Amino acid sequence: MKLDDLRIAVVGTGAVGGSVAADLVRAGVDTTLIDQWPDHVDAMNESGLTVHLSSETQVTPVRALHLCQVAELREPFDIVLTAVKSYDTRWVAELMRPLMGPRSVLVGLQNGMTIDDCAQIVGADRTIGCVLGIAANMREPGVITRQVTPAETWFSVGTLDGTPTESLDQVAAVLEHAAVTEVTADIRSAKWMKLIANIPEMLPSGLLGVPLLEAAHMPGIRPVMDAMSREAYALAIDLGVTMLPSLGIAAEDVPNSDQYSLDLLDRVLSHFSRPDTRVAVLQDWEKGRRAELDAFSGYVVAASAGAGVRTPVNEAVLRLAERVERGELVPSPENAPHLIAALYAA
């Protein structure tokens, strides 16, 4: 099938999904946007999708649908891109499954290991994983602030078994409109690389209630982040994960040690973070939403328990994040002593 003939759906058009969708529409790709925030859908249909970049503001007319309108659709999509929160993956896969043909594919533009949830519902042969290197936020309906341009954005895509397919090539070609896109033969390991990079940034920065760069430079916090990184790296090695080049780090620059876990965080800080970049966990808490704890340290803690090993710093930080979810703590720099104590207790 020619790329011009592909029908694309983007489900979840917040900061990440909306940024990608806008790029696809501007490139002339047949793209339908679907979102669960009514005000956001209405704003996009009335005024277009506004994306603020560092050098310009783009306003893109789009076709946006409410979730309830999905039931009115009949013609299948060739590629379904989903950028919903990790805990919403399963129901979105079920929602879109009737609108997928035998050769259609579902691509999770998400952090975490959502490839397994997708595969269980639509099938492994119709699941393509994606690793993201992008920074963006959305604070009001219809308006996104994208902190890295498409040329600075990095994606890696792959099938679950590593087999090259026509659909994989099509996904890579489509996403090239939004990012520098690579194809990997080991998407699970590639997803682990991003997980190792996310582990030290998401919960500590969220708990401190400040932008990521500010959190990383607070006294005593980087050692906490590094310990969490090393735990995730060690667990990945125990699980047989291959350390792959990621986030633009070249193969020759991948060390054969847990130094790589620190290098990944350094890459996030230097290439995908701006002074006002706030991690997804903090953005969720600031909006009164629950965060994706199970996609980050929650996943590592659960996987380590299954492997019979411990990840004590990740576990201690996860417990602090759970206290925020219960309303016992609020994101604040005053939580720094709690994070530092988690390191020394472990």
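Two strands pair if DSSP finds at least two bridges between them. Strands here are DSSP runs (E, at least two residues), numbered from the N terminus. Glycine 108 stands opposite glycine 129 in strand β8. This model is predicted, so local features need pLDDT of at least 70 and side-chain atom pairs count only at pLDDT 80 or more, while totals for chains, interfaces and linings use all residues. Residues are numbered from 1 along each chain as its sequence is written, and side-chain values use heavy atoms, leaving out hydrogens and water.

**Partners of β8**
- Strand β7 covers residues 100-108 and runs parallel to β8, joined to β8 by 3 bridges.
- Strand β11 covers residues 154-159 and pairs with β8 in the antiparallel sense, over 6 bridges.
- Valine 131 has serine 156 of β11 as its bridge partner.

**Cover around β8**
- Buried means under 20% relative accessible area, exposed means over 50%, and partly exposed lies in between (1.4 Å probe, protein chains only).
- On one side, Thr127, Gly129, Val131 and Gly133 are buried.

**Cysteines**
- The whole structure holds 0 disulfides.
- A disulfide is a pair of cysteine sulfur atoms within 2.5 Å.
- Cysteine 130 has its closest cysteine sulfur in cysteine 118, 11 Å away, so the two are too far apart for a bond.
- Cysteine 130 counts as buried because its relative accessibility is 0%.
- Cysteine 68 counts as exposed because its relative accessibility is 61%.

Definitions and conventions:
Helices (H or I, at least four residues) and strands (E, at least two) are DSSP runs, numbered from the N terminus.
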